[in-house]
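I opened this notebook to record what I looked up in one model.

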Amino acid sequence: MLSGKRILLIIGGGIAAYKTLDLIRRLRERGAAVTPVLTRAGAEFVTPLSVSALAGHKVHTDLFDLTEEAEMGHIQLSRSADLVVVAPATADLMAKMAHGHANDLASTLLMATDTPVLIAPAMNVRMWDHPATQRNLAQLLSDGLRVVGPNPGDMACGEYGPGRMSEPLEIVAAIESALGQGPLTGKHILVTSGPTHEPIDPVRYIANRSSGAQGAAIARALAGLGADVTFVTGPADVPPPAGVKVLRIETAQQMLQAVEDALPADAAIFAAAVADWRVASASGSKIKKDAGRLPVLEFAENPDILATVSQRKTLRPSLVVGFAAETDDVVAHATAKRARKGCDWIMANDVSPATGIMGGTENAVHLITAEGVEDWPRMSKQAVAERLADRIAAALR
Ligand code: C5P
């Protein structure tokens, strides 16, 4: 609940601004008071009338408005909230914030405020991936701003990728967690993700097809519920979500070390596709092509990180979740795996090539617990992540 909480809501100029209208409703339903600020570009997408009618509050638009300054100066406005929320946070607004511009009401409020700020970025995927935006994001995170999203998906411009503004309820959850009210606030959760790369020599390695999409979605969903997330990732295709602590590794052995160093944790989710074997003695120099002679690689077994953490006598997280990617007898293999590894839950999925799940955007999982097996319908990896995060929050309550 957000009763009595005051949100200063800055609406930037992007197509996602229409979702912000619903966000206002959701916040008010939960008892929050919303003071809206509409940028000039924002007013091209939603009207001041709809914003103020939904907020039940006058909408502020102009820095140089004498009446407004007489009623409530912009400095006072910037300090009159428990949280400042920017949704959608466009590439331009993020750049202004990162560089400290103050040339309109929204950017001036953001410079003058002494309250925490949460941004919900939304923009074209190329703009999001652009080094300038990523530099600005890194700056904003190091300045202590909180970020929710963006989510991967279809974009209004017809492209696909990260850039969609989080859905209103995800933003509500992020607001609750920013105000110390998320169901996972105060919990430390470890997530492993992505493939590992096992070197053959300095230029060659053994890898697998994991994109890291499911692990990144889980970390994002957990952070959205207020968890303090440590994200240990191999070289994945998808970038790690904003707002989590990222530890980048390459090999299984490095992943185990990073995981053990990150303990204690309340829960650990092992979504990484860890290589089972490594090359026993990787060559220190590039193996040369030698006419007629083929190199022979000898393998050594990698540590099983999930089993090692599940079977720890000390510092075992109270909830350990593993994944089982199978191509046949999915549930039977996964149930046996749960017992063998000693974890609490297994998320099992069918990764036969025909399913398109490995590297795809959807997943169809079975959740295997001590109580039995739940079959979840096929849904986006983000939706799987949110459902799992809700279950984790319930289990850690
Ligand atoms: O044994 P298998 O690789 O099928 O088990 C999958 C589960 O175990 C996943 O949760 C994966 O992250 C984890 N795992 C691990 N370390 C390994 C191999 C798998 O943590 N070396």
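My entries follow, by topic.

**Basis.** I worked on a predicted model, in which local features need pLDDT of at least 70, side-chain atom pairs count only at pLDDT 80 or more, and totals for chains, interfaces and linings use all residues. Residues are numbered from 1 along each chain as its sequence is written, and side-chain values use heavy atoms, with hydrogens and water left out.

**Polar contacts.** I searched for pairs of N or O atoms within 3.5 Å. A polar backbone atom of Phe270 is 2.6 Å from an oxygen atom of the ligand. A nitrogen atom of the ligand lies 2.8 Å from a backbone N or O atom of Pro303. Lys341 places a polar side-chain atom 2.8 Å from a ligand oxygen atom. Of the 450 Å² of accessible area that the ligand has on its own, the protein covers 87% (Shrake-Rupley method, 1.4 Å probe).

**Elements at the site.** Helices (H or I, at least four residues) and strands (E, at least two) are DSSP runs, numbered from the N terminus.

**Sheet.** I traced an open sheet of five strands with parallel pairing, in the order S2-S1-S3-S4-S5; strands pair if DSSP finds at least two bridges between them. Strand S2 (33-38) and strand S5 (146-147) are the edge strands, each pairing on one side only. S4 (residues 117-121) and S5 run parallel and are joined by two bridges. Leu118 stands opposite Arg146 in S5.

**Backbone geometry.** I recorded a cis peptide bond between Ala87 and Pro88, with omega about -5 degrees; Pro88 is in strand S3 (residues 83-89). Gly149 to Pro150 is also a cis peptide bond, with omega near 0 degrees, and Pro150 is in the loop between S5 and strand S6 (151-154). Leu315, a residue other than glycine, has a positive phi near 55 degrees. I placed Leu315 in the loop between H12 and S16. Most residues other than glycine have a negative phi, and most peptide bonds are trans.

How values were computed. A polar contact is a pair of N or O atoms within 3.5 Å; within protein, one must be able to donate a hydrogen and the other to accept it, and residues adjacent in sequence count only if both atoms are side-chain atoms.
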